[in-house]
Amino acid sequence: MKLVIGLAILLTLSSCASFLEEQQPLENKIYKIKLDRTESQAKKSLFDFITTSQQYRNSPDILDGSDMAMAQTQQKESIKLYNFKNTQYTGEIGLGDQGNKFKVIFDTGSANIWLNSARCNDYGCKNHKQYDGSKSATYEHLGYDLDVEFGTGELMGEINADTAFVGGVKIAKQEFAEIVRENGDVFAQSDFDGIVGLAYPSMAAYNFNPLFDNIIKQKLLDRNVFSFYFSRQEGSRSSELTFGGWDTDHFQGELHFHNVVNKYYWLLDADNILVNGQDLGLCKHGCKVVADTGTSLLTGPSDDLYGLLDTLNIDENCKNVKELPKLTFVLDGINYDLDANDYVMKIDSQGNEVAYDTFASSDSFVEMGANCQCVGSFMPLDIPSPNGPAWILGDTFLSKFYSVYDRDNDRVGFARAK
C-alpha cells in the first residue's frame, strides 16, 4: 500500500520535553511533560515539513469555578520541554518495551508520529537517535508504506506499532511512521529525533489513531485534555506539556474557550484581525485560525500577510520598534493582543534569533550590535480550500497565551501565560 502526502505547513519547531511525571490533582490525574525551548533555525527545509495536504462562531466559554478547581494540581513537577532558540520546544517520548526515549516535537498541526528507523542509513537518520524494532518484544510490523513529498525533499517509510510511553502514561499498540529513507535536508540539522502529532485522527495516514486518540480509546485519563505552556527562556526546561488538564500556575486571568470548527486541525473561527484597533480588511468576512504548536511563527494568506507587513513596516535596523502597533486576533469577542516584543525578532551576526523581550529596554535592544537585523515573526502560507485560507497561530502566539486542547468538548482555550 502506498500513501503520498504533499507537505507544506510551516515548521520552525520548538521545545524539548522530558518524560511525563504523574501529578496528584484535586480530583483527577494530571501528567506533565517539561518542554525545552530552542533557537530558531531559519532553514527552508524546516518550514516545509508538516502538512498542507492535510485538510483542514460560537460564544466563548469562560472557565467557571468548578472547572478551575478540577484543573488545579497539587504538585508542580512536570514533563519538561526544552526551548531550542525560541522556535522549537522538544520533549521525550518512549517507544518499545525497553522504553527507549526520543526527543520529539509535540505538534498540534499534524497527526502522525515520525521517528527515524535503525534501517535508515541516510545522514538525516544517522544524525539522530534511531528506533530499532528488533529490540522490542511489543513491536508489530504493519507494513503500510508511507511516501511523503514536500518542497525540499522526501521521506519514505512504513507505519508499524509498538508500546509508547509519555511519562506515567503507557499506550499500547501505538501506530507510528518509521522513516527508512530520507531525501533532502528536512531533519539532518534539526535538534529533534521525530514528531508526535496531536491533531485530529481524520488527518492521520490510513486513519490510524494519533497518540492522544489512543489515550482516549484506552481510557488512560480522567479528562481528555492536554495543554501547553511555552516559556520564553531560551535553553530552559521550564516549558511543559500537561496531559489530563491544565495548570493554573502557568496563566493569569480568565481562560476562554473557543469551539473547533472542523475536526481536522485545531481550527477556530476568528472575528477579525486588527492593527492598533483598526480593521484593515485582513478578515473581511471572518476568517479561520489554527492553533499549531509545531509552527514557530505566525503565518497568513500571502496577500493579506504582505499587506500587514507593509503596514507594520518593521525597520530592519530596529529603529522603530518602540512605535510598532499592536496586532490583535479577535475570537468570539475576546481580544488576544501581540505587541512588538511578541512579534519582532532580532537576528544577530551569527544568524541566531534574539527575542526582543529578553532586553531590559527597547533602547538596549536597538543598540545591540551594528550587524544585527530586526525581522517580523511572520511567514506567508496559503492553505488551500476547503481548510483554508487560514492563519496559523504558531509559537509566536502560543508563547504569550497558554493553550488548552479539549477533546471532550472539541474546543481550544487561551489565557495570558505567566
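User: What is the distance of the polar contact that joins the side chains of aspartate 107 and serine 110?

Analyst: The model is predicted, so local features need pLDDT of at least 70 and side-chain atom pairs count only at pLDDT 80 or more, whereas totals for chains, interfaces and linings use all residues. Residues are numbered from 1 along each chain as its sequence is written, and side-chain values use heavy atoms, with hydrogens and water left out. A polar contact is a pair of N or O atoms within 3.5 Å; within protein, one must be able to donate a hydrogen and the other to accept it, and residues adjacent in sequence count only if both atoms are side-chain atoms. For the side chains of aspartate 107 and serine 110, the distance is 2.6 Å.

User: Is aspartate 107 buried or exposed?

Analyst: Aspartate 107 is found in strand S7, residues 100-107; strands (E, at least two residues) and helices (H or I, at least four) are DSSP runs numbered from the N terminus. Buried means under 20% relative accessible area, exposed over 50%, and partly exposed in between, with a 1.4 Å probe and protein chains only. Because its relative accessibility is 0%, aspartate 107 counts as buried.

User: At which residues does UniProt place the feature "active site"?

Analyst: UniProt positions are given in the numbering used here, feature names are shortened, and annotations may be inferred rather than shown by experiment. The feature comes from an unreviewed UniProt entry, which places it at Asp107 and Asp292.

User: What is the largest C-alpha distance between these annotated positions?

Analyst: They are spread over 186 residues of sequence.

User: Which residue has its backbone nitrogen 2.9 Å from a polar atom of the side chain of aspartate 292?

Analyst: Aspartate 292 lies in the loop between strand S20 (287-291) and strand S21 (298-300). With 1% relative accessibility, aspartate 292 counts as buried. The backbone nitrogen at 2.9 Å from its side chain belongs to glycine 294.

User: What is the strand order of the open sheet of four strands?

Analyst: Two strands pair if DSSP finds at least two bridges between them. Strands S18 (272-275) and S22 (327-331) pair in the antiparallel sense over four bridges, and five bridges join S22 to S23, also antiparallel. The edge strands, each pairing on one side only, are S19 (278-279) and S23 (334-338). The order is S19-S18-S22-S23.

User: Why is S22 largely enclosed by the rest of the structure?

Analyst: On one side of S22, Leu327, Phe329 and Leu331 are buried, and on the other Thr328 and Val330 are buried too. S22 is largely enclosed because the number of its five residues that are buried is five.

User: Which residue stands opposite phenylalanine 329, and with which ring does phenylalanine 329 form an edge-to-face pair?

Analyst: Across from phenylalanine 329 in S22 stands isoleucine 273. Rings of Phe, Tyr and Trp (its six-membered ring) pair if their centres lie within 6.5 Å; planes under 30 degrees apart count as stacked, over 60 as edge-to-face and the rest as tilted. The pair is edge-to-face because the centres are 6.3 Å apart and the planes are at 75°. The partner ring, in strand S28 (residues 390-393), is that of tryptophan 391.
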